[in-house]
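Hi,

Here is the structure I promised to pass on.

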Amino acid sequence: MLRGATRIIDWPMEGLQRLIGERRMPYVFLLPNLAFFGVFVFVPISINFLYSVTGGPALFPAERPFVGAGQYAYLFDCGSFVDPSSCREDHFWRGVSNTLRFTAFQVVAMVLLSLLTAIVLNMKIRGRGFFRAVYFFPVLLSPVVVALIWKWILQRDGLLNAGITGLGGDKILFLSEPGWAMFWIIFVSVWAHMGFYTLILLAGLQAIPADIYEAAEMDATPRWRVFWRLTLPLLWPNLIVVIVLALIRAVQTFDEVFVLTGGGPGTSTLMVVQYIYETAFSNQVQNFGLAAAASVVLGIVLFALTLAQLAFSQRKSS
Amino acid sequence: MKIAQLLTARRDASHRHWTDIAAYAYLLLGVVLMFGPVLWLVLSSFKTQAGLLEFPPSLLPMSQKEISVAGYPQPLPLFTVTMEDGTTRQLAQVRRVGIQSQMVDPDNPSQQYRVAIDKRVPVREFSLATENYTEPLARFAFPRFLANSVFVTVVATLITLLINSMAAYALSIYEFKGKNAAMLMVIGTLMIPITIILVPVYLVVTKLGLVNSLWAVILPGAATPTGVFLLRQYMLTLPRDLIEAARMDKASEWQIYWRIVMPLTLPALAVLAIFSIMWRWNEFLWPLAVLTKTEVYTLQIGLNAFQGELQTQWQYLLAMTVMTLTPVAIVFVFLQRFITTGIANTGMK
Amino acid sequence: MKGTKMLLGCALLAASLVVSNAQAQTTLRMTWYSDGNEGEVMSDLLRRFEEQNKDIKVVLDQVPFKAINENLPVQLAAGQGPDLARVADLGGVARYMLDLRPLLKDPAYFETNFGPFLEWMRLPGDKTSIPGFMTQLTLTGPLVNKTLFEQANIAMPGPKATWEEWAKAAKDVATKVQAPFPVAIDRSGHRFFSLAITQGAKVFDDKGEPAVVDDGFKRGAQLVYDWHKNGVMSKELWGSVAGTAYRGANDEFKNAQVVMYVSGSWQIGQFDKTIGNGFDWVAVPTPCGPANCSPMPGGAALVAIKTTQHPKEVARLVEYLASEKVVGEFYDRSLFVPGHLGLAKQGLTYKDASQQGKAALKVFSEGVSTLSPVANKLQGYVHNRVIFNAVISRLGQAIAGEASLDEAYKRITADIEQQIAERTKK
């Protein structure tokens, strides 16, 4: 069966190769992917751009009146860019500032914890496969499920407050205090994604040749020094990948936070992507134009981040 | 794995460093933190609506014990009552009027008592509220939703594996004009979440006439930049000599891709397959936008259909969450070694 | 290739599903969401309709409310809507509704019984169209935990009591019995206006244009703000979640943690079912303010959609479902306040409800007569969601301490102006 099926594809592909020559074959391999890409990513992004320069409630771009940079001007109408409340569209800027704060803390926590976990998992321990699986497990859960699980634990009458009152404390409204809410969304997103980064770092650690360590041990170099002088530099390429991936994903954070805090209390955990989603969808006030303008701005930022990653990985390979 | 063995062999087992103990402590804490919340979810999903509202919550699902008392047609709820003289006894409640409760001794039904409601505590027993599962499932065409979800997940994953590995092959093995542009395009869109272009994608799907077809769910996410990226990184590490040797043997480019590169890329393909299964299985926002007919609903939409405007029915929400989580968990239990070592080997180097 | 085989199998399965559906005569699709058991009741009624009308098959597509709220408008704009849909934002969806008047046997029946509510489904200037009927009329109002009052040994304020009197009484009770929520009000702009209108909010100026922030509105906002400051209300509802998100306190009420819960008639069904004999709860008339004691009306309607291919069949279905006997059974079994004037006058028996539930439904049904014109006008206003959203989002920020009330007022006015301008841009 398998053989037969492959042969059926083999013949036309071989014919095709004879027809267009070996040098054009890479385009054949790329074509299906690029076709999907064009239709479902490139075209929508272009439509999105059209939305951002038009206004009104209409869905089809052709029916929307052209407003030029009006949406962008509205978005950037600020007294001072450091103070969101001086902006006309303050929710967008609160989203920006929350996302920045969230990203900074989340990425640092994510990198440190996955590094620590990778190092521990790389030690000589029993049941390493089991523990590795334990840390990876949450990666498989959908963001909505992750948020629900934790919401259930963190609510007023949840498990955590039961523990606190059991120890004689007072209930804490974890999701209704700005500081706590920010802490918990960071905690939960680290909880959910840490396993993936841990495995990348673990792979890096395992690729470090053992004789390097043996030499260091002979010299009786202190452990922290071995780590600082040897492990870290050798692990650097993997760390870069982790940092950049974590960074980009943190900027995009939406579902988890949306279900967990809904952006509250007030707007203290409102993220940029949630702002875009709500502007386009929530409660029938469907402002496609403004949402599109905000998403173009976000897209440019993300593109810059990705280019930075490209630059890093190229420097690495050269 | 050899390197790993070497690494672990380098330290003498007899000399225990404090870091070893700390490591185990850390790992055990990890087990509690990572598994605990999920376990709590599963336990909670078997509690009755009243049980869910309780504080402090009981660890196991419990519900109030009911007892048949002679002379009363319905079973009566049982309470432990603190009597005026300070003794406690078990009584069944006949009715409650205001803050007074009218109670009866189950062993002696003629004996009635009036008790203040804060003097009684329900007697509870372990019981699983399986109706949290059966009620919503009976209301919906569950097998149909399951079939749709499986179809979407399987087909989408196959397409994803095929077209992304082809693209990754082109981008890793060949040098050709426009390669950098293609790379830039793949990576440039790597990070555009579908959430922010939901409406334009919907327009495209409408124009293609795909609304209310499972293909509308399958196709848009098939060309995932993450997949291309992952596979390409892995293919870059394959020995070029093999490919050159095959060319010498007059193998066509397709044969090289299909017969030589694909089998070697298996670990990375497995990783992508797992991610694809997981993404497709969990997808919610996008199917909700394009699927409006019951016969094409996926599980995620079907199981959320009881969420109204004004209330969250926690007991159903938790139970249905467990329902959607279970298949993923089962896949993971069977494939976890494959997945974790697969990612470790793909390495993103 | 195992995959190919499987793919083929799945494709065949999918194809067979499509075929089995295509065989029906005329198939109508009805998009529906449920808060309680109304989806099951509707299924029963549809089955009966199909028995009497062998040429029509009706498929009930049950979706989460999120899909009605966020996706349906986009689907309608793209011409991909169902034949009928149950919607809550009547003004927002009005432009996609089909006028059934020319197709109905007896339009006068609809005029007499659904008259005032039909106006909610019409675009400005339209005085005649009949797009559907109310599946549910809702009224806002307080639900009170009577047992907590008894335990605290404090008398419940009487029927004409003011908001301030209720707040004080609820606070006293909560202090005595240690309930964490003296007063809870749903986090929703709609609910806020039930308070603001009693305080004299006019919402519109003389020309009928929105002029939301006036003295009455400010009085209402100040009350809510102060209640959060002095512990009458907990920050957990209005202070948590951002933007326009709805947040209720029904779980807290069921758990006897709320003394007075300002929500609405739609809670009765589930309270009746889950509280059971746990404690006594009653519905009371909306507390009074300087202006009036009016609740806010609301509700959901089943409407026909313009793009339907089968307008005649849709009209027949709507005629059946809206007929007095059928719609009466629907309200009765779903424990809804009737959105049908004839039935409202007769009163429904609600035979599935407990005494408590029946009493509460009676209180809400009587509230219809106390509705102020402002409340009716606001509910019928085509951009009312814009107003509700701006109000709840900005007041939420003020309560969370991110802005002062004065800043919130300014933002509310600016938001409403900008969003209505964007919505009406051609």
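A word on the UniProt annotations before I use them: positions are given in the numbering used here, feature names are shortened, and an annotation may be inferred rather than shown by experiment. Also keep in mind that this is a predicted model.

With that said, the unreviewed UniProt entry lists "transmembrane region" for residues 21–43, 145–169, 181–202, 214–235, 256–279 and 314–335 of chain B. I looked at two of these spans in the model. Residues 21–43 of chain B are 100% helix and 0% strand, with 31 Å between the end C-alpha atoms. Residues 145–169 of chain B also come out as 100% helix and 0% strand, and there the end C-alpha atoms are 36 Å apart.

Chain B has some strands too. Strand β4 (residues 88–97) of chain B runs antiparallel to strand β5 (residues 100–105) of chain B, with five bridges. On its other pairing, β5(B) goes antiparallel with strand β6 (residues 108–116) of chain B over six bridges, and those two make a hairpin with two residues between them.

Now for how the chains meet. On the chain A side, 78 residues are in contact with 76 residues of chain B. Helix α2 (residues 25–52) of chain A gives the most to that side, with 16 residues. By type, the chain A side splits into 56 nonpolar, 15 polar and seven charged residues.

Cheers

Definitions and conventions:
Residues are numbered from 1 along each chain as its sequence is written. Chains are lettered from A and ligands numbered from 1 in the order in which they are written. This is a predicted model: local features need pLDDT of at least 70, side-chain atom pairs count only at pLDDT 80 or more; totals for chains, interfaces and linings use all residues. Two strands pair if DSSP finds at least two bridges between them. Helices (H or I, at least four residues) and strands (E, at least two) are DSSP runs, numbered from the N terminus. Two residues are in contact if their C-beta atoms, placed from the backbone, lie within 7 Å. Ala, Val, Leu, Ile, Met, Phe, Trp, Tyr, Cys and Pro count as nonpolar, Asp, Glu, Lys and Arg as charged, and the others, Gly among them, as polar.
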